Amino acid sequence: MDMTDSPAVIKQDEVEGLLLYKDLIPRLEVAMGKFSKRNSDELIQPVRTVIPLQKYNGFLGLMPAYMVHEDVLCTKMVCFYKRESGSTLPSTQATVLVFDPEYGNLKAVINGDVITAKRTAAVSAISAKLLMPGQSEVLAILGAGHQAVSHYQVFTETFSFREVRVWSPRRETAAKFASSVDGAVSVCDSVEEAVRGADVIVTVTRATEPVLLGKWVKPGAHVAAVGACRPDWRELDDDLMREAVVYVDSREGATAESGDIILSGAEVFAELGEVLNGNKPAHRKKTTVFKSLGMGVQDAVSAKLVFDQWEQQRKL
């Protein structure tokens, strides 16, 4: 692409078709391993900058990353909001910008909503691959929005669960989710009903106070906690956070942004990248929590995959 060309604009439906989990997951594993080495000759990613949008009860997050050897320079801009229950407004809206790192020109503007949903779900699946108990049969999903759909897709594509359960504060929302996905899903009336006996629990809620209590969680279960991305927001209670072995994507991000970690005083045991690098163990037989905050490098890997595939299709 010539630097004088207008940037490519890659829309939501195109991203959906270009970003496949089978291609994305191994690339994310490599990138997260590199991130945890903290080698600035390989990868540079500051903690996200967050600007409050008080008028609208929301925030704008800026998430730049530069992958040196892959020569990927990327920034995601994501608006996220604390919406009232039943609101029809989106809880997140994202755009990813891809730059030429040598010339500095903008190469692509990519719809970031699919990238955010898929890379987040893929990282949760990586956490489960490393940490969930052997012979895991029951998956529980708390929440029924876009992240619930992407997590259902990657977890059922990657693993074989005998039963999938879903809960949402509004039963009709959970029922709509269950009817929209391929496969049988049990709609539950309470969080406790959804998670009792579950081997893997995914929390993708809009909650700002704990909805998942440690006393309901089966010993040895794995929890992938995706919501509550502000220092004063929670999804998990103190009992669960303090009793589980806690893993994160980024220590800096988790200790600055995760209310579940900050307010519970829980200790971060390891980053997923440290486990992938063989530097920290995966405590598969203990109750584990993976607290996901999301990282710019995950968006960069996803955006590169989308842009490379888009360019290949243009050449055909």
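Colleague: Leaving aside its neighbours within four places in sequence, which residues is I10 in contact with?
Modeller: I10 is in contact with V15, L18, V109, I110, N111, V306, F307 and W310. Contact means heavy atoms within 4.5 Å. Before going on: this is a predicted model, where local features need pLDDT of at least 70 and side-chain atom pairs count only at pLDDT 80 or more, while totals for chains, interfaces and linings use all residues. Residues are numbered from 1 along each chain as its sequence is written, and side-chain values use heavy atoms, with hydrogens and water left out.

Colleague: How many residues are in the largest nonpolar core?
Modeller: The largest nonpolar core has 68 residues, and I10 is one of those with the most contacts inside it. Such a core is a set of buried Ala, Val, Leu, Ile, Met, Phe, Trp, Tyr and Cys residues joined through side-chain atoms within 4.5 Å. Buried means under 20% relative accessible area, exposed over 50%, and partly exposed in between, with a 1.4 Å probe and protein chains only.

Colleague: Which element gives the largest share of this core?
Modeller: That is α3, with ten residues. Helices (H or I, at least four residues) and strands (E, at least two) are DSSP runs, numbered from the N terminus.

Colleague: Take T120, which is in α3. Buried or exposed?
Modeller: T120 counts as buried, because its relative accessibility is 4%. Its side chain reaches the backbone oxygen of T116 at 2.5 Å.

Colleague: Changing topic, how is the chain divided?
Modeller: Into domain 1 (8–115 + 297–315) and domain 2 (123–295). The bounds come from an automatic or database domain assignment. The domain centres, taken over C-alpha atoms, are separated by 22 Å.

Colleague: What area is buried between domain 1 and domain 2?
Modeller: About 2500 Å², of which carbon and sulfur atoms give 58%. Buried area is the accessible area (1.4 Å probe) that two parts lose on being put together, summed over both. Y21, E29 and M32 supply 23% of the area that domain 1 buries against domain 2, more than any other three residues.

Colleague: And how many salt bridges between domain 1 and domain 2?
Modeller: Four. A salt bridge is a side-chain nitrogen of Lys or Arg within 4 Å of a carboxyl oxygen of Asp or Glu.

Definitions and conventions: Polar contact = N/O pair within 3.5 Å; in protein donor to acceptor, adjacent residues only side chain to side chain.
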